[in-house]
Amino acid sequence: MNARTRPWATRLLALAAGILSLPLAYYVRTWQSFSTVRDICPRLFCDFSDYYYPMGEAIFRDGLPVDGYLYSPFIAILLAAFPPLGPDASLILWGVLQAVSVSLYVFLFRRLVPASVPVQLLFVLLLLTSYPFLLNLMGGQVSLFIMVGILGMLALHERDLISRIGKLERRLDAGDARP
């Protein structure tokens, strides 16, 4: 980054930080706690604690879903990576994965939607203040991961990478090792 772009990047970062902090300040001021606005559970990432973590423990032991687990066995196998870390480290890792997913969501949106930076930042503000998004984060649900996967596939499709990968696979199957 050169000296000419640094002030622009600093302003963008400050604007993004402001957009992130304003909804948080509003929610804290209005509701005192995110838990008070919903009656699902009183703790952060309750879906992870109540369903995903126990399913990760049970998948290889019992082979049956725990009560309330609604996803595929493949996802349960992926969730088996969490129990060896212990419940506390798993919750922290789940939170990090949620934060990374939010970042990827915003990044992919910026790549896919040809709008000016202020319009895109407005979208970020709307996203971060939407009740379904907050419920997803508070409950530790997986719908954000699914949405990032869909947006990622759209971004790959836009760059025509999917067809390129398919062409490469066909060449390799035919014995032609050229890229």
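**Helix packing and a nonpolar surface patch**

In the predicted model, a nonpolar patch on the surface, with about 880 Å² of accessible area together, is formed by Leu-70, Tyr-71, Phe-74, Ile-75, Leu-78, Ile-146, Met-147, Ile-150 and Leu-154. Patch members have over 30% relative accessible area and no salt bridge, nonpolar side chains being joined within 5 Å; a salt bridge places a side-chain nitrogen of Lys or Arg within 4 Å of a carboxyl oxygen of Asp or Glu, and areas follow the Shrake-Rupley method with a 1.4 Å probe. Helix 3 (73–79) and helix 7 are the elements that give two or more residues to the nonpolar patch, and helix 7 gives the most, with four residues (helices being DSSP runs of H or I, at least four residues, numbered from the N terminus).

The axes of helix 4 (residues 87–112) and helix 7 (residues 143–158) come within 9 Å and cross at roughly 35°, the axes being lines fitted to C-alpha atoms over the stretch in contact, with angles from 0 to 180 degrees between N-to-C directions. This crossing of helix 4 and helix 7 is left-handed (the near helix is turned anticlockwise from the far one by less than a right angle). Contacts (heavy atoms within 4.5 Å) involve residues including Trp-94 and Tyr-105 in helix 4 and Met-147 and Leu-154 in helix 7.

The axes of helix 4 and helix 5 (residues 117–128) come within 11 Å and cross at roughly 145°.

Residues are numbered from 1 along each chain as its sequence is written. Local features need pLDDT of at least 70 and side-chain atom pairs count only at pLDDT 80 or more, whereas totals for chains, interfaces and linings use all residues, and side-chain values use heavy atoms, with hydrogens and water left out.

How values were computed
Patches are made of residues with over 30% relative accessible area and no salt bridge: like charges are joined within 9 Å, nonpolar side chains (Val, Leu, Ile, Met, Phe, Trp, Tyr) within 5 Å.
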